[in-house]
Amino acid sequence: MLALGKLLELTLTDHEPAEKTQVTTRGVRLRWLGEGALEVRPPEGEDCGLDLLLSAGIHGNETAPIELLEKLLHGVANGEIRPRARVLFLFGNPPAIRKGERFIEQDINRLFNGRHELSSGFEALRAAELEQFARVFFSKPERTRLHYDLHTAIRGSKIEQFALYPYKEGRKHSRRELARLAAAGMQAVLLQSKSSITFSAFTYEQLEAEAFTLELGKARPFGQNEQVNLDRLETRLRQIIEGNEPPTDDTLDGLQLFSVAREIIKHSDSFNLHLPTDIENFSELAKGYLLAEDLAEMRWVVEEEGARIIFPNPKVRNGLRAGILIVPTSAQLLG
Ligand SMILES: O=C(O)CCC(=O)N[C@@H](CCC(=O)O)C(=O)O
Ligand SMILES: [Zn+2]
């Protein structure tokens with residue numbers, strides 16, 4: 001296999017390859033762009049016109065998605081996968097991956113869409129660099145742009161695999177993309193209704209990509225991911241990369257759709273979240289339930305019918321989201 005196919009090894013050992021570009025026997029070009037960043041270009045004449053950004057390790061302890069990207073990249077580098085799409089592989093936070101931790105100083109997935117300019121430190125610089133990798137990659141005109149940012153969650157989930165679909169004023173969520181996600185094994189999609197500061201929100205809002213955060217199971221260390229079944233996603237990604245994806249029907253049967261009712265923001269150190277520490281994502285909360293309290297007698301009481309909670313986390317920094325209250329929605333407004 002070409003040495004550049006071992007991007008994870010290079011990243012884990014903090015090693016810069018001597019040779020930055022390598023070409024497979026099939027004429028596929030691999031180019032190392034910087035730490036944790038590798039571009040794959042299909043041979044001239046075989047390009048199907050898709051630019052696919054695959055990122056993982058935005059949170060360093062979420063290893064199953066990193067292992068999946070490593071497997072796909074090995075397939076490309078040893079000639080088993082024949083890419084017809086341009087692909088950018090990104091490992092988001094290499095120092096955090098090396099330490100097996102979510103982040104070093106601060107959550108990099110709260111520093112996109114310009115937020116890094118208001119901050120400092122390693123993660124702020126890396127967020128700016130990731131934005132630049134993505135901006136350059138998606139700068140070619142008249143091509144289709146797709147970004148999957150792969151994650152696993154801190155806690156277990158009643159719905160194991162799901163996507164978060166960013167929001168941009170005036171832009172409709174695509175039914176075709178939802179069908180593609182269902183075919184890739186996603187069981188639910190959360191349709192966002194406001195701008196955000198995550199990596200997928202950046203590529204969706206600023207670079208005109210179709211972009212998603214994919215949550216694929218529970219975060220565990222490298223080599224301990226047998227319970228995270230990524231077979232359907234892997235199959236679909238291979239097909240997308242090879243440009244031989246079977247057509248999807250647009251019925252969205254079996255795909256549960258949710259919208260955001262409210263984001264729970266932690267305002268102060270007095271924030272108190274009234275949920276068991278082991279509560280699973282998508283747990284239902286009854287109307288009238290006192291979900292959280294903060295200073296100045298601020299109370300978060302559930303008012304919505306069918307409300308569920310995802311990503312509850314009282315340990316986030318003040319000013320950040322400490323959970324999302326979601327409700328079921330319909331496919332009516334899809335484009
Ligand atoms: O398990 C958790 O609480 C967080 C899992 C995670 O990292 N989720 C992403 C979602 C990004 C998005 O909202 O699109 C995150 O919180 O960054
Ligand atoms: Zn994550």
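Biologist: Two residues count as in contact if their C-beta atoms, placed from the backbone, lie within 7 Å. On that basis, how much of the contact set with a separation of 6 or more comes from residues 24 or more positions apart?

Modeller: In the protein chain, 75% of those contacts. This is a predicted model, where local features need pLDDT of at least 70 and side-chain atom pairs count only at pLDDT 80 or more, while totals for chains, interfaces and linings use all residues. Residues are numbered from 1 along each chain as its sequence is written, and chains are lettered from A and ligands numbered from 1 in the order in which they are written.

Biologist: How many helices and strands?

Modeller: Seven helices and 16 strands. Both are DSSP runs numbered from the N terminus, with helices being H or I of at least four residues and strands E of at least two.

Biologist: What is the radius of gyration?

Modeller: 20 Å, close to the 20 Å that the globule rule gives for 335 residues, so the protein chain is as compact as a globular protein of that length. The radius is taken over C-alpha atoms, and the rule is 2.2 Å times the number of residues to the power 0.38. Along its principal axes, the C-alpha trace spans about 65 × 45 × 40 Å.

Biologist: Which domains is the chain divided into?

Modeller: Domain 1 covers 3–242 and domain 2 covers 260–328; the bounds come from an automatic or database domain assignment. Their C-alpha centres lie 28 Å apart.

Biologist: And how many residues meet between them?

Modeller: Eleven from domain 1 are in contact with eight from domain 2. The domain 1 side divides into four nonpolar, four polar and three charged residues. Here Ala, Val, Leu, Ile, Met, Phe, Trp, Tyr, Cys and Pro are nonpolar, Asp, Glu, Lys and Arg charged, and the others, Gly among them, polar.

Biologist: Switching to ligand 1. Which residues are around it?

Modeller: The list includes His 59, Asn 109, His 151, Arg 155, Thr 213, Phe 311 and Asn 313. A residue is near if its C-beta atom, placed from the backbone, lies within 6 Å of the molecule. By class, the shell has four nonpolar, seven polar and one charged residues.

Biologist: Which residues does the UniProt "binding site" annotation cover?

Modeller: His 59, Glu 62 and His 151, from an unreviewed entry. They are spread over 93 residues of sequence but cluster in space, with a largest C-alpha distance of 7.5 Å. UniProt positions are in the numbering used here, feature names are shortened, and annotations may be inferred rather than shown by experiment.

Biologist: Where is His 59, then? Buried or exposed?

Modeller: His 59 is in the loop between strand 4 (50–56) and helix 2 (63–77). It is buried, because 24 other C-beta atoms lie within 10 Å; buried means 20 or more, exposed 12 or fewer, and partly exposed in between, with C-beta atoms placed from the backbone.

Biologist: Where is His 151, and what does it touch?

Modeller: His 151 is in strand 6 (residues 144–153) and is buried too, with 25 such atoms within 10 Å. Leaving aside neighbours within four places in sequence, its contacts include His 59, Glu 62, Thr 213 and Glu 215.

Biologist: What about the phi of Asp 14?

Modeller: Near 55 degrees, a positive value in a residue other than glycine. Most residues other than glycine have a negative phi. Asp 14 is in the loop between helix 1 (7–12) and strand 1 (21–23), and counts as exposed with 11 C-beta neighbours inside 10 Å.
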